[in-house]
Amino acid sequence: MATLCYVLTGRDPRQHQELSYSILSALKQGLEGVEILLVCDAENRRTDLPVRHMDISTDQMERWTEAGRYPAHMRLHALQMVLEKTDGPVCLVETDTAFKAAPGELFNRITPKTPLLHDRAGWLSSRPEWGPLIDACRDTPEETLVHTGAEVFDTATIGLLPVHADCIKKTIPLSKPLPDTATAHEKEQFLLGAALLSHTGNLSFSDDIVTHYAGYMRHVYHGRFDVMFPAGAAVNTALAHQLPAVAEPPKPLLLQLKAKYYALRHGLGRGTQFGYLAYLCAFAAPTAEGRNVWANIALDMMERSERPAAKLQRDLPKLAPDALTQAELAPATEARWRDFWASKDL
């Protein structure tokens, strides 16, 4: 039987919400011929979901991540363990995903010569933060993998057969000598994709079957989850067929025009203009959920803005430091904004 695998560690309630939605979306699409396996420690077991548990101990997690030094190794070790215990295909899926088609379709794309990843994610040459890493690997054995022409893949889904297990064994030690100029997750994505591609010469992809939500859409999904999955409540899987799709919230045309006019008048860049539009949408939203979603999106944009902080305060008066108490945001959203302003020279 094909195995759809999730890994859950830590104590993050958000990750549990993501897992709930991902599994419900899989149930909605149909699980014929597919078993769901949850690799987790005892405190993360989910008896309210139709999963088979594979328990791991705290000591085992410590060994796999080398006491937290290599957190991204957790998924790789778990996948390797599952492959060793099964004779069939295994697809490891991140929790921040949603199925658009039946999970069984993933396994139709996995062959000995064609492992499965989620999607293409660009090239190292387009990632300035990898420059020091590329330079450090020049004239070293790692240069065959880490160079400007190397492709990067999104590993939100990893579909393998037991014959591919050696690629994981090669990936884990490769990341250790690499400089810490890239995040652990980025290294995992890049090195596993490179190892699989060099081993098989071909890859298949799952982006038309599974959505991996990223960017500001994460806030949209998380806002819906706060309503759908209250803390401490069991998930009613019988209602999976009624699971609503999560879509981008509407941006009223009048607010779009107002944001464009403001941007032209005050010289806002495109990202800051979108952040200003999100700010307008936040305080026009009819629900508290909508206000928080848009306020978080606005902050994502402002964190990347080069506009002086004093001007941003004038642009966003209802989210300025002195106004946050009256903005009626969720505590976590308000805390994000306070941290943002505290990091600025006001």
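**Helix pairs, cores and loops**

Colleague: Is the crossing of α10 and α11 left-handed or right-handed?

Modeller: Helices here are DSSP runs (H or I, at least four residues), and strands are E runs of at least two, numbered from the N terminus. A crossing is left-handed if the near helix is turned anticlockwise from the far one by less than a right angle, and right-handed if clockwise. For α10 and α11 the crossing is left-handed.

Colleague: What kind of model is this?

Modeller: Residues are numbered from 1 along each chain as its sequence is written, and side-chain values use heavy atoms, leaving out hydrogens and water. Local features need pLDDT of at least 70, side-chain atom pairs count only at pLDDT 80 or more, and totals for chains, interfaces and linings use all residues, for this is a predicted model.

Colleague: How do α10 and α11 run relative to each other, roughly parallel or roughly antiparallel?

Modeller: Axes are lines fitted to C-alpha atoms, for helices over the stretch in contact, and angles run from 0 to 180 degrees between N-to-C directions. Under 35 degrees counts as roughly parallel, over 145 as roughly antiparallel, 65 to 115 as roughly perpendicular, and the rest as oblique. Residues 270-282 and 288-303 pack at about 160°, axes 8 Å apart. The pair is therefore roughly antiparallel.

Colleague: How many charged residues does the contact of α10 with α11 have?

Modeller: α10 brings residues including Phe 274, Tyr 276 and Tyr 279, while α11 brings Arg 291, Trp 294 and Met 301 among others. Contact means heavy atoms within 4.5 Å. Ala, Val, Leu, Ile, Met, Phe, Trp, Tyr, Cys and Pro count as nonpolar, Asp, Glu, Lys and Arg as charged, and the others, Gly among them, as polar. The contact has twelve nonpolar residues, three polar and, as for charged, one.

Colleague: What is the handedness of the crossing where α8 passes α11?

Modeller: α8 covers residues 217-228, and its axis comes within 9 Å of that of α11, at roughly 155°. These two are therefore roughly antiparallel. Their crossing is right-handed.

Colleague: How do α2 and α3 lie, roughly parallel or roughly perpendicular?

Modeller: Residues 58-65 (α2) and 73-85 (α3) pack at about 110°, with axes 8 Å apart. α2 passes α3 in a right-handed crossing. The contact includes Trp 64 of α2 and Met 81 of α3. The two helices are therefore roughly perpendicular.

Colleague: How many residues does the second, separate core have?

Modeller: A nonpolar core is a set of buried Ala, Val, Leu, Ile, Met, Phe, Trp, Tyr and Cys residues joined through side-chain atoms within 4.5 Å. The largest core has 68 residues, and Phe 99 and Trp 337 are among those touching the most other members. The second core, which includes Val 7 and Ile 168, has a residue count of 30.

Colleague: Is Ser 206 buried or exposed?

Modeller: Ser 206 sits in the loop between β8 (204-205) and β9 (210-212). Beyond its neighbours within four places in sequence, it contacts residues including Leu 106, Arg 109 and His 118. Buried means under 20% relative accessible area, exposed over 50%, partly exposed in between (1.4 Å probe, protein chains only). At 0%, Ser 206 is therefore buried.

Colleague: What is the relative accessibility of Gly 149?

Modeller: Gly 149 lies in the loop between α5 (131-137) and β7 (151-160). It counts as partly exposed, because its relative accessibility is 44%.
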